[in-house]
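This briefing is for a reader who has not seen the structure before. Please look through the sequence and the model, then read the notes below.

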Amino acid sequence: MDAARSPGIRLWTASPPTGPGWHDRTMTRPGERPALHSSISADDRVRRRLWIGLLAVIVYIALAAGGGALIDALGAADADPVAELALTHLIPLPIAIAAGLVFARLSGWWTDVWTDAPIARATPRRLWWWLVPLAIVAQLVALVSDVHWSRLSAAYVAVGLLAYLLVGLGEELYFRGILLESVRARHGETVTLLVTALAFGVAHSFGSLMGGMPVGTIAFQVAVTTMDGVLFYAALRVTGTLWVPIVLHGLGDYARWLAAPDDDGSVSPLAVGSQIAMTVLAVMILFSVIREDRRTRKPRVPAAARR
């Protein structure tokens, strides 16, 4: 999808809340499976179902990407790059985000949408997951270092920053927030990871599909954005707050957009190294989550039977 023409489809604190409506999803003993539907809160007014999360994502795509495309078709494409970006992002994205926030609040999912029990509180702690946000930051540094700032106007830089932070907020709210909670309520973490990441990848292929891109190109795009979905999932779980993937996602899209006008085909060694690292980490995260599910599914042996 053309980042300059349509929105990318392309509060809470980091400390987990406590109280009767909160269920810690990772504080389990080795070999003990969490209670089924452990992410369901007593405060839920809407049942957490996969179809509800998928419907929410479809609504977001229709409002954000569809709204941006409609505004573009009405004449935004004829405007200068700054005006075009403002019209196609700053109008439909706030509407889509507002709809998601209203749903999260009224459904009773609000707390779980914004927070997650940090992975360091689980057994094993898997502190190596912190390499994921570090690798993403390294790529951001590499991308930003290649931007020719002197060629960009202040309006171009400011409007772009706001637009792509909204992209990060909207997409993470729906994919790693609402959709994730709708899946996690009745499935393990492996299914939760795969569904949210694949949905994220497929959603980013619609623009290319409508544009008549080759199947191979679309498949590669889905694979890359699915990998990004895995990494943003890891960033959520390792930090315990949705705000981290929101910021990393938004700044990543923003950095790529800034670098695009001056892209001469050259890639810095840091960018290449960080991309390789993120690919390896995405695979490692997947296997780590599969092992997590295997551990939690292992039946506990009663103490009397061990004597």
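Is Trp51 buried or exposed? Trp51 is exposed, with a relative accessible area of 56%; exposed means over 50%, buried under 20%, and partly exposed in between, with a 1.4 Å probe and protein chains only. The model is predicted, so local features need pLDDT of at least 70 and side-chain atom pairs count only at pLDDT 80 or more, while totals for chains, interfaces and linings use all residues. Residues are numbered from 1 along each chain as its sequence is written, and side-chain values use heavy atoms, with hydrogens and water left out.

**Overall make-up**
- The chain has 12 helices and 0 strands; helices (H or I, at least four residues) and strands (E, at least two) are DSSP runs, numbered from the N terminus.
- Of the 307 residues in the chain, 49% count as buried.
- The chain has an accessible surface of about 14,400 Å², and 69% of that belongs to carbon and sulfur atoms; the areas come from the Shrake-Rupley method with a 1.4 Å probe, and for residues only the protein chains shown count as cover.

**Nonpolar core**
- The largest nonpolar core has 67 residues; such a core is a set of buried Ala, Val, Leu, Ile, Met, Phe, Trp, Tyr and Cys residues joined through side-chain atoms within 4.5 Å.
- Helix α6 (residues 154–184) gives the largest share of this core, 14 residues.
- The residues with the most contacts inside the core are Val113, Trp114, Trp129, Phe175, Leu231 and Ile285.
- Apart from neighbours within four places in sequence, Val113 is in contact (heavy atoms within 4.5 Å) with Ala104, Leu173, Gly177, Ile178, Glu181 and Leu242.

**Nonpolar surface patch**
- Trp51, which is found in helix α1, belongs to a nonpolar surface patch of about 730 Å², together with Leu55, Ile58, Val59, Leu63, Leu87, Ile91 and Ile95.
- Patches are made of residues with over 30% relative accessible area and no salt bridge, where like charges are joined within 9 Å and nonpolar side chains (Val, Leu, Ile, Met, Phe, Trp, Tyr) within 5 Å.
- Helix α1 (residues 50–73) supplies the largest share of the patch, 5 residues.

**Helix α2**
- Val82, Glu84, Leu85, Thr88 and His89 are buried in helix α2 (residues 81–89).
- They cover an arc of only 165° around the axis, which puts them on the same side of α2; the arc is that of the directions from the helix axis to the C-beta atoms.
- The buried residues of α2 pack against α1, α3 (92–107), α6 and α10 (243–259).

**Salt bridges**
- A salt bridge is a side-chain nitrogen of Lys or Arg within 4 Å of a carboxyl oxygen of Asp or Glu, and by this rule the count is 12.
- Glu181 forms a salt bridge with Arg48, with the closest N and O atoms 2.8 Å apart.
- Glu181 lies in helix α6 and Arg48 in the segment before α1, so the pair ties together parts that are 133 residues apart in sequence.
- Glu181 is buried, at 1% relative accessible area, and Arg48 also counts as buried at 1%.
- Arg184 and Glu181 form another salt bridge (3.6 Å, N to O); both lie in helix α6, 3 residues apart, about one turn of the helix.
- Arg48, Glu181 and Arg184 are among the residues linked in a network of salt bridges, which also includes Asp112 and Arg237.
- In helix α10, Asp253 and Arg256 are 3 residues apart, about one helical turn, and form a salt bridge at 3.1 Å between the closest N and O atoms.
- Asp253 is buried, with a relative accessible area of 4%, whereas Arg256 is partly exposed at 34%.
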